Amino acid sequence: MPHAIQIHDQGAPEVMEWVEVPDLQPGPGEALLRQTAVGLNYIDVYQRSGGYKLDLPTCIGMEGVGIIDAFGDGVEGVRVFDRVGYVMGPPGSYAEQRIYPADRLIPLPDDVSDTQAAGMLLKGLTVSYLIHRTFHPQSGDTVLFHAVAGGVGMIACQWLKQKGVSVIGTVGSDEKADIAKSYGCDHPIVYTRENFSERVMEITDGEGVPVVYDGVGASVHDGSLACLARFGTYVNFGAASGQIP
């Protein structure tokens, strides 16, 4: 029988259990995936800890990659043995197999590995909406991106650099500063020993930044507002340190 990580209560990591689950059968419009890689995201922590209320018991996780083993009636555009990825939709990626809506599956090119796809779909789509739909920085702009050495931040650095944007990023250690630099961050700030808002104002000659991208939340909220340029945009897309006021 296949296995999955399930939670019967929301709480600390110990609530996750590796358990046997019944074999699944896809219904109309659904595909059965034999999973080969699973993406990890901070939304999984919200699901596990109770930040997002779920019907229990349940499996958590929002993205993955697998091989189609079967599909139900009415499915078009995919075939058995296709290698596909998926992102968002119903939670449940922490499993060896799962059912997923077939029309949301993403066929993967040969030059993208299973682990690459599973690790970048949700984070990449997050970056896409942040820099193209929420605030669209232009070449020559300077932006502040919090937690820039995380999964979203590392993709954002590369994408923003391709657009000609200068990136200031907060990190928690010198090791993470080096990681951020390797992905294109121009000015990593170790927030544990520097006042990041004061440092941003120094870097920008007192002008501030036109946008702050914040997936951290409460602990950086006030400082983020303090280093915005006039009529700047504060973009909050997460609350790793708690909800903003």
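User: Let's start with helix 1. What do its buried residues pack against?

Analyst: They pack against strand 1, strand 2 and helix 2. The model is predicted: local features need pLDDT of at least 70, side-chain atom pairs count only at pLDDT 80 or more, and totals for chains, interfaces and linings use all residues. Residues are numbered from 1 along each chain as its sequence is written, and side-chain values use heavy atoms, with hydrogens and water left out.

User: Which residues of helix 1 are buried?

Analyst: I43, D44, Y46, Q47 and R48. Buried means under 20% relative accessible area, exposed over 50%, partly exposed in between (1.4 Å probe, protein chains only). Just after helix 1, G50 has a positive phi of about 110°.

User: How many helices and strands are there?

Analyst: Six helices and 13 strands. These are DSSP runs numbered from the N terminus: helices are H or I with at least four residues, strands are E with at least two. The chain has 245 residues, and 47% of them count as buried. The C-alpha trace spans about 60 × 40 × 30 Å along its principal axes.

User: Now pockets. How much space lies in the largest one?

Analyst: About 1,000 Å³. A pocket here is an open set of points on a 1 Å grid over the protein atoms alone, where a 1.4 Å probe fits, with protein on both sides within 12 Å along at least five of seven lines. Grid points are joined across faces, edges and corners, and the volume is the space filled by probe spheres set on the points.

User: What lines it?

Analyst: 36 residues, with Y42, V152, G215, F237 and A240 nearest the centre of the pocket. A lining residue has an atom within 4 Å of a point. Helix 2 gives the largest share of the lining, four residues. By class, the lining has 20 nonpolar, 14 polar and two charged residues. Ala, Val, Leu, Ile, Met, Phe, Trp, Tyr, Cys and Pro count as nonpolar, Asp, Glu, Lys and Arg as charged, and the others, Gly among them, as polar.

User: And the largest nonpolar core, how many residues?

Analyst: 23. V143, F145, V148, L160, V167, V171 and Y213 have the most contacts inside this core. Helix 3 gives the most to this core, with five residues. Such a core is a set of buried Ala, Val, Leu, Ile, Met, Phe, Trp, Tyr and Cys residues joined through side-chain atoms within 4.5 Å. Apart from it lies another core of twelve residues, including L144, V200, V220 and L228.

User: What does F145 touch?

Analyst: L130, V152, G153, A156, I168, G169, T170, Y213 and F237, leaving aside neighbours within four places in sequence. Contact means heavy atoms within 4.5 Å.

User: Last one: V87. Buried or exposed?

Analyst: V87 is buried, because its relative accessible area is 8%. V87 sits in strand 6 (residues 83–87). Beyond four places in sequence, V87 touches M62, E63, Y100, R104, I106, L121, L122 and L125.
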